[in-house]
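Please keep the sequence and the model in view while reading.

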Amino acid sequence: MKRNLALLFILSIFIFSANAIEINVLNEGVVSDSNLVQTAKIQQLIDKCDKAGGGKIIFPAGAYKTGSLVLKSNITFRVETGATIIASRDTNDYKAAQNNSGDIIPCLLYAKDAQYISIEGNGVIDGKATHYWGDLDMVDGFIKDITEKARKAGVPMKRYFHCKPYTCMIYFENCRFVNIRDITLTASQFWTLHARWTDYMTISGVKVFSDLEKGINADGIDIDGCRNVTISDCIVETGDDAIVLKTTNLHGESRSCENVTVNNCVLQSSSTALKLGTESHADFRYISFNNCVIRNSNRGLSIVIRDGGTAENIQFSNIMVECSRRHFNWWGNADPIWLVVLKRRPDSRVGSIRNITFNNIIAHGMGTSKIEGFEDKPLENIRMNNVQFFMHPENYIDKRADDAFRAVNVNDLWLTDVSVKWDTASVEPMWRNAFTFEKVNVLVLDKLSGEEAPTAKGSFIELRNTDNVLIENCITNKESNVFLKSVSKTNKRVSVGKNIGIGKSKLTILKK
């Protein structure tokens with residue numbers, strides 16, 4: 001059976017190669033003109049290639065303006081060096097793409113129920129996004145408290161908005177065997193590269209750029225309910241999430257996101273650089289983020305479950321993170337790590353986060369890194385190994401950070417070789433504990449290092465309603481006032497082994 005499948009695959013390649021054609025658009029009536037919309041002509045060439053059984057559509061150096069184009073199976077869309085595909089800014093040029101439910105999808109390049117599609121080349125696809133600066137017309141419920149704090153601090157209640165058409169640059173729906181490589185995607189008006197329910201997808205060497213200040217909703221790469229996906233060697237600088245996995249709900253249907261790797265990427269984001277959620281109607285599992293550099297981002301690594309899905313068996317490893325606060329309307333607090341389970345609406349299901357590992361992370365931030373379960377649904381089995389937190393002063397007047405790291409509602413939390421270092425040259429008055437643990441059951445702290453904040457308001461480690469705790473081989477780096485503070489009568493079975501506190505460092509038990 002396996003041999004027959006292999007022969008069938010080889011035969012399909014031979015048939016495709018025999019029938020494939022190459023079309024240079026300049027030889028077929030398309031002209032290089034950045035002002036002339038040529039949607040119909042280009043689509044005719046795609047359809048011609050499709051009727052021939054597949055092949056390549058080649059755009060040589062030049063400028064080509066278009067609206068929605070529908071790609072077909074067995075087609076390579078090649079944008080060569082010096083070539084730019086320019087998105088029309090006329091809403092009427094985006095009528096071609098429809099999803100399985102008949103909804104109009106305003107996107108530039110679209111494919112549905114297709115396979116063996118490639119977008120490649122060293123050229124550029126330019127979304128020509130436009131924005132305007134205006135008064136805040138509504139408050140985003142997800143950041144309601146942050147918005148109010150900014151208002152009270154005197155931050156003007158203004159923000160950037162994007163203009164119609166809200167065009168997605170590339171959108172694949174229910175496709176298989178997709179390859180996107182080496183292309184540059186710039187100035188998308190909405191999500192730049194969106195794959196929904198697509199399996200066996202490779203994204204490599206892609207560069208994505210949108211305005212870091214104005215690029216509202218201009219996510220870089222969105223992997224939505226897909227399986228067997230690799231993303232590697234990409235550079236993404238976006239005004240919203242850089243690389244984000246989602247499980248959205250489309251007319252009552254959602255699919256899990258599984259078997260995804262992200263490797264060797266360089267990222268900047270005005271929201272989150274590497275993220276799962278917040279759309280989380282189905283599950284996320286077997287996902288790995290490795291060998292990435294994150295600079296100048298509003299949030300580093302994040303899993304946000306709001307719609308009842310489960311995130312499990314996920315690893316972040318060998319990642320350097322640098323976070324910097326953004327304007328209040330962006331999601332994020334310059335926090336390097338945030339895991340959370342929430343409910344989008346009162347009637348939403350409660351999801352789960354479990355079996356998550358962070359290995360070899362260097363994290364510079366201005367906000368509190370947090371892992372938070374939901375009431376009676378704690379996070380489960382979270383491991384951190386060789387993680388370094390560096391706390392820096394916030395660059396906005398609406399201050400938010402207090403602890404360096406906080407865990408709330410977690411079962412089975414292990415921190416090994418984790419450190420906290422505070423900026424002593426510019427101290428924030430709200431800074432407090434290095435590590436805070438509340439409602440944690442089974443907590444193992446081994447080889448932690450650092451001290452409480454330079455404000456001397458807090459402690460190195462604080463426990464609240466936390467049971468089954470083992471603390472050993474930890475060390476404070478300077479003269480710490482309080483090594484361990486227990487702020488609850490209900491902390492049970494706390495074992496403090498061999499630790500080193502320098503100078504006045506001591507263990508304080510405060511009973512409420």
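A residue is called buried when its relative accessible area is under 20%, exposed when that area is over 50%, and partly exposed in between. The structure shown is a predicted model. With a relative accessible area of 31%, Val442 is therefore partly exposed. Val442 belongs to strand 34, which covers residues 435-446. The backbone of Val442 also deserves attention, for this residue has a positive phi of about 75° although it is not a glycine. As background, most residues other than glycine have a negative phi. Asn228 is another residue other than glycine with a positive phi, in this case near 60°. Its place is in strand 20, residues 227-232. The relative accessibility of Asn228 is 27%, so Asn228 counts as partly exposed.

In general, most peptide bonds are trans. The bond from Lys164 to Pro165, however, is cis, with omega near 0°. Pro165 is found in the loop between strand 12 and strand 13. The bond from Gly277 to Thr278 is likewise cis, and its omega is near 5°. Thr278 is located in strand 25.

The next step is to follow strand 8 and its partners. Strand 8 comprises residues 107-112 and is mostly covered, since five of its six residues are buried. Strand 5, residues 69-70, runs parallel to strand 8 and is joined to it by two bridges. Within this pairing, Leu69 has Leu109 of strand 8 as its bridge partner. Strand 8 also pairs with strand 13, residues 168-173, in the parallel sense and over five bridges. Here Leu109 stands opposite Ile170 of strand 13.

The structure contains 19 aromatic pairs by the rule applied here. One of them consists of Tyr110 and Tyr171, whose ring centres are 5.5 Å apart and whose planes form an angle of 55°, a tilted arrangement. Because Tyr110 lies in strand 8 and Tyr171 in strand 13, the pair ties together parts that are 61 residues apart in sequence. Both Tyr110 and Tyr171 are buried. A stacked pair is formed by Tyr116 and Phe177, because their ring centres are 4.7 Å apart and their planes stand at 5°. Tyr116 lies in strand 9 (residues 115-120) and Phe177 in strand 14 (residues 176-181), so this pair too ties together parts that are 61 residues apart in sequence. Tyr116 counts as partly exposed because its relative accessibility is 34%. Phe177, at 27% relative accessibility, also counts as partly exposed.

Phe389, Phe405, Phe435, Phe437, Phe460 and Phe483 make up one aromatic cluster. The charged end of Arg159 sits over the ring of Phe161, at 4.4 Å from the ring centre.

What spaces does the structure hold? A search of the whole structure finds one cavity of 30 Å³ or more. The largest cavity contains about 40 Å³ of space. Among the residues that line it are Leu108 and Cys168. Its lining has four nonpolar, four polar and no charged residues.

The largest pocket has a volume of about 670 Å³. It is lined by 28 residues, of which Asp140, Ile216, Asn217, Asp240 and Trp331 are the closest to its centre. Strand 12 (158-162) and strand 25 (272-280) are the elements that give two or more residues to this lining. Strand 25 gives the most, with three residues. By class, the lining of the largest pocket has twelve nonpolar, five polar and eleven charged residues.

The second largest pocket has a volume of about 380 Å³. Of the 20 residues that line it, Phe142, Ile146, Trp338, Leu342 and Lys370 are the closest to its centre. The elements that give two or more residues to its lining are helix 3 (144-152), strand 29 (335-341), strand 31 (369-372) and strand 33 (405-422). The lining of this second largest pocket divides into ten nonpolar, five polar and five charged residues.

Notes
Residues are numbered from 1 along each chain as its sequence is written. This is a predicted model: local features need pLDDT of at least 70, side-chain atom pairs count only at pLDDT 80 or more; totals for chains, interfaces and linings use all residues. Side-chain values use heavy atoms; hydrogens and water are left out. Buried means under 20% relative accessible area, exposed over 50%, partly exposed in between (1.4 Å probe, protein chains only). Helices (H or I, at least four residues) and strands (E, at least two) are DSSP runs, numbered from the N terminus. Two strands pair if DSSP finds at least two bridges between them. On a 1 Å grid over the protein atoms alone, a cavity is a set of points where a 1.4 Å probe fits but cannot get out, and a pocket is an open set with protein on both sides within 12 Å along at least five of seven lines; lining residues have an atom within 4 Å of a point. Grid points are joined across faces, edges and corners, and a volume is the space filled by probe spheres set on the points. Ala, Val, Leu, Ile, Met, Phe, Trp, Tyr, Cys and Pro count as nonpolar, Asp, Glu, Lys and Arg as charged, and the others, Gly among them, as polar. Rings of Phe, Tyr and Trp (its six-membered ring) pair if their centres lie within 6.5 Å; planes under 30 degrees apart count as stacked, over 60 as edge-to-face and the rest as tilted. A charge sits over a ring if NZ of Lys or CZ of Arg is within 6 Å of the ring centre and within 35 degrees of the ring normal.
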